[in-house]
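Hello,

Here is the structure for your files. My notes on what turned up in it follow below.

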Amino acid sequence: MTSAQIDVLLVAVVVAAACAIPGTFLVLRRMAMMSDAISHTVLLGIVLAFFVVADLNSPILILGAALVGLLTVVLVEALSQTGLVREDTAIGLVFPALFSIAVILISSLAGNVHLDSDAVLLGEIAFAPFNRFAPLGVDLGPIALWVMGAILIVNLAGTALFFKELKLATFDPALAAALGFSPALVHYGLMAVVSVTAVAV
């Protein structure tokens, strides 16, 4: 195995671990489709943030993407609470709409910028070894490994700190509310973690 192949394997393992932690709670809540929705709608946040800062390397793009991920959750909840559609149908209505807006904005206003849905959504893990983290000329490995490693640590720490609240709000929201926890706050906190993880991936 070459060093580039080892780097790719390490990045893949860390990404899988970072995604599995919030993903487990999404599956338990029967919201597995939400991760797919968020991973598509974050494109709109990236596009809107790019129009504000005009810099593809700005951390504001990650913030914009995370905020649109949360907006996706809010819109899905609002639609499903009307009682007119089920939650899976609401997800199926919201994420194509937001994703379509992003694609229209890119094609009409950012045609000359290297900001396209393929680059943002699909990526290529085989390119991870070429983008190195080398402070003061010391090569410390791929940047993707460091970024996803930080996300993994945050996800692990957050789950460890709020495991009781997550477990209670997932399996018995009424009991969580009776005990003084806010199931809605736990829900949106989990969705914020899903959004940030999806953006980082």
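In this predicted model, the side chains of Asp139 and Arg132 meet in a salt bridge, with N and O 3.2 Å apart. Asp139 has a relative accessible area of 47%, so Asp139 counts as partly exposed. Arg132 is also partly exposed, at 30%.

Arg132 has a further salt bridge, with Asp7, where the closest N and O atoms are 2.7 Å apart. Asp7 belongs to helix H1 (residues 3-28), whereas Arg132 sits in the loop between helix H5 (117-122) and helix H6 (143-161), so this pair ties together parts that are 125 residues apart in sequence. Asp7 is buried, because its relative accessibility is 11% and the limit for that class is under 20%. The count of salt bridges comes to two. Through shared partners, Asp7, Arg132 and Asp139 form one network.

The phi of Leu136 is near 55°, a positive value in a residue that is not glycine. Leu136 is exposed, with a relative accessible area of 89%. Arg30 likewise has a positive phi, of about 60°, without being a glycine. Arg30 is in the loop between H1 and H2, and with a relative accessible area of 79% Arg30 is exposed. For context, most residues other than glycine have a negative phi.

Next, the packing of two helices. H2 (residues 32-53) and H3 (residues 60-81) pack at an angle of about 135°, and their axes are 6 Å apart. That angle makes H2 oblique to H3, because only values over 145 degrees count as roughly antiparallel and those from 65 to 115 as roughly perpendicular. The crossing of H2 past H3 is right-handed.

Which residues of H2 and H3 meet? On the H2 side they are Met34, Ala37, Ile38, Thr41, Val42, Leu44, Gly45, Ile46, Ala49, Phe50 and Val53. On the H3 side they are Ile60, Leu61, Gly64, Ala65, Val68, Gly69, Thr72, Val73 and Val76. The residues of this contact divide into 15 nonpolar and five polar, with no charged ones.

The last item concerns Leu166 and Thr159. Leu166 is in helix H7 (residues 163-171), and its relative accessibility of 9% means that Leu166 counts as buried. Setting aside neighbours within four places in sequence, Leu166 is in contact with Phe25, Arg29, Thr159, Val186 and Leu190.

Thr159 lies in helix H6. Is Thr159 buried or exposed? Thr159 is buried, since its relative accessible area is 18% and the cut-off is under 20%. With neighbours within four places in sequence again left out, Thr159 is in contact with Ile21, Phe25 and Leu166.

Regards

How values were computed
Residues numbered from 1 in each chain as written. Predicted model: local features only at pLDDT ≥ 70, side-chain atom pairs only at ≥ 80, totals over all residues. Heavy atoms only, no water. Axes fitted to C-alpha atoms, helices over the stretch in contact; angles between N-to-C directions. Helix = DSSP H or I, 4+ residues; strand = E, 2+ residues; numbered from the N terminus. Parallel < 35°, antiparallel > 145°, perpendicular 65-115°, else oblique. Left-handed = near helix turned anticlockwise from the far one by under 90°. Contact = heavy atoms within 4.5 Å. Nonpolar A, V, L, I, M, F, W, Y, C, P; charged D, E, K, R; others polar. Buried < 20%, exposed > 50% of the residue type's maximum accessible area, 1.4 Å probe, protein only. Salt bridge = Lys/Arg side-chain N within 4 Å of Asp/Glu carboxyl O.
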